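Q: I am new to this structure and would like to learn how to read a few of its features. Could we go through them one at a time?

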Amino acid sequence: MNFEKLYIGGQWASSSSGDWIQVENPATREKFARVPAGNSQDIDAAVQAARSAFPGWASTPLKERVEMMKQMLHHLKAMRSDIISLEVRELGSPVSFAETAHCDYQYTRIQSYIDLAPHVDLITKLPASTVYREPVGVIGCITPWNYPLGQVVQKVIPAILMGNTVVLKPSQHTPLTCYLLVQAFAQAGLPSGVLNLVTGRGAEVGNALSSHPLVDMISFTGSTSGGITVAQKALASVKKISLELGGKSPCILLKSQDYSQGIHLCLDSIFLNAGQTCTALSRLLIPREDKEKIEKMIQQMTQEYPVGDPCDPKTKIGPLASLQQFKKVTGYLHTGLEEGAVLLSGQIPSTVDNGYYILPSVFTNVTNDMKIAREEIFGPVLCVITYNTIEEAINIANDTPYGLNAAVCGPDKEESVRVARRIQAGNIYINNGPRDTSAPFGGYKKSGIGREGGIAGMIEFTQQKALFDAGL
Ligand code: NAD
């Protein structure tokens with residue numbers, strides 16, 4: 001696959017910038033590919049193409065859009081080994097996690113949108129009116145680096161199914177996998193201009209997209225600070241905005257005889273993808289009276305997460321995605337020790353010679369006012385916090401600017417549900433509750449505005465029109 005082009009108006013085209021962004025393998029530090037560093041001219045060309053394609057695509061029957069998406073998925077499935085190998089190389093994802101989370105789960109998500117699209121209520125009859133859900137128009141999609149294909153899927157698939165046209169700006173750190181998605185759309189015969197790809201940096205391409213007057217909606221996933229900047233730019237021309245932002249998610253272990261299931265849930269969440277997951281359960285809240293017992297279990301279970309070469313099928317934790325991430329996470333490890341927390345496992349790495357590796361790290365004796373408990377570290381770093389009463393646990397869980405994800409694990413399911421209902425977060429797992437692609441995903445508080453996934457995720461890319469037709 002040639003990554004040195006942009007995709008505009010159905011053509012692979014050169015950027016007018018002549019400038020490049022190098023893509024690095026974080027396990028070896030080898031720069032193995034480059035993509036265009038697009039600019040505002042490229043964005044303008046892509047937006048114009050999306051604008052021209054909009055009327056035709058918006059009026060294409062949903063049934064035909066769904067058929068096209070099925071074809072696209074068929075072609076994307078044929079690219080499975082390429083997707084996996086790119087996620088290993090551009091992100092440093094362990095190959096086993098690349099297979100399940102970065103590739104196969106994305107197929108499941110796409111299939112879920114295909115299955116649910118015909119069930120979106122596009123026409124609602126009211127006593128004296130009819131309400132139509134129509135596409136919003138040209139959507140600017142801006143995505144982060146941590147799930148390079150997954151974050152793109154969550155926007156591009158529902159937006160296109162609902163009749164919108166798209167200009168996609170993936171993260172400059174992991175831009176490669178989405179080329180395969182674009183290729184699969186091209187093979188499926190998506191009309192020219194419905195999907196456009198402009199790679200580049202946030203400050204230039206992201207800014208140009210969020211402030212372009214012909215863009216109707218910005219769908220952004222990334223940091224809370226990045227989301228605020230983008231939203232401010234988009235609001236200047238009154239665009240619709242959806243934001244999927246950061247998190248500092250709590251996992252509450254309710255008093256129990258056996259904590260192993262809850263600890264496993266939490267460690268999987270904070271260690272897999274090297275902790276670079278927006279929903280990572282990064283604060284583990286435990287009953288004070290069982291502190292020693294639970295700490296011992298954590299220390300033992302942390303051994304189940306071998307760190308190493310992402311190409312090795314036994315590896316569970318690969319390198320962090322970039323030098324920038326490595327410095328940030330290492331900085332927080334220093335901060336934790338300075339704040340008086342104690343490292344139960346892990347250590348501060350001294351070198352990055354062989355990639356950006358950090359051991360799975362668990363801080364104990366953490367209090368919720370510490371920086372490491374309040375800020376999103378975005379690495380394999382867990383904070384263990386004790387509580388005396390359930391009331392106190394709920395207060396600690398909610399004492400955060402974020403509200404993306406949470407978990408409550410306990411022997412009495414009804415009690416766990418009661419606790420979960422009092423936590424301010426968009427998604428909450430009870431014990432080993434499975435994931436559900438048809439459920440809405442998104443955040444309370446500073447974790448975002450709007451929802452992705454399922455029917456809610458498709459409705460996000462529509463706007464309502466009421467026709468007062470009583471006399472017709
Ligand atoms: P980021 O905010 O640095 O960048 C996200 C995207 O926005 C990138 O494409 C970037 O180029 C662009 N961008 C950044 N600043 C911009 C600006 N001022 N104007 C326009 N575009 C700009 O985030 P990141 O480091 O790529 O990703 C990590 C963050 O994403 C974490 O905070 C994580 O929690 C969050 N995230 C949230 C979700 C979710 O669904 N809620 C999912 C994944 C990641």
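Q: Which backbone atom of Thr143 lies how many Å from an oxygen atom of the ligand?
A: In this predicted model, a backbone N or O atom of Thr143 is placed 2.7 Å from an oxygen atom of the ligand. A polar side-chain atom of Gln172 also lies 2.7 Å from a ligand oxygen atom, while for Gly202 a backbone N or O atom is found 3.2 Å from an oxygen atom of the ligand.

Q: Which residues around the ligand come nearest?
A: There are 28 residues around the ligand, and of these Thr143, Gln172, Ser223, Leu245 and Glu376 come nearest.

Q: What describes two packed helices?
A: Two packed helices are described by the angle between their axes and by the distance between those axes. Here helix H5, residues 150–161, packs with helix H6, residues 177–187, at an angle of about 20°, and their axes are 11 Å apart. Because angles under 35 degrees count as roughly parallel, H5 is roughly parallel to H6. Their crossing is right-handed.

Q: Which residues of H5 and H6 meet?
A: From H5 come Val152, Val156, Ile157 and Ile160, which meet Cys178, Leu181 and Phe185 of H6. This contact of H5 with H6 consists of seven nonpolar residues, with no polar and no charged ones.

Q: At what angle do H3 and H4 pack?
A: Helix H3, residues 80–91, and helix H4, residues 95–116, pack at about 125°, with axes 9 Å apart, and that makes H3 oblique to H4. The contact involves residues including Ile83 and Glu87 of H3 and His102 and Tyr107 of H4, and by class it has eight nonpolar, one polar and four charged residues.

Definitions and conventions: Residues numbered from 1 in each chain as written. Predicted model: local features only at pLDDT ≥ 70, side-chain atom pairs only at ≥ 80, totals over all residues. Heavy atoms only, no water. Axes fitted to C-alpha atoms, helices over the stretch in contact; angles between N-to-C directions. Helix = DSSP H or I, 4+ residues; strand = E, 2+ residues; numbered from the N terminus. Parallel < 35°, antiparallel > 145°, perpendicular 65-115°, else oblique. Left-handed = near helix turned anticlockwise from the far one by under 90°. Contact = heavy atoms within 4.5 Å. Nonpolar A, V, L, I, M, F, W, Y, C, P; charged D, E, K, R; others polar. Near = heavy atom within 4 Å. Polar contact = N/O pair within 3.5 Å; in protein donor to acceptor, adjacent residues only side chain to side chain.
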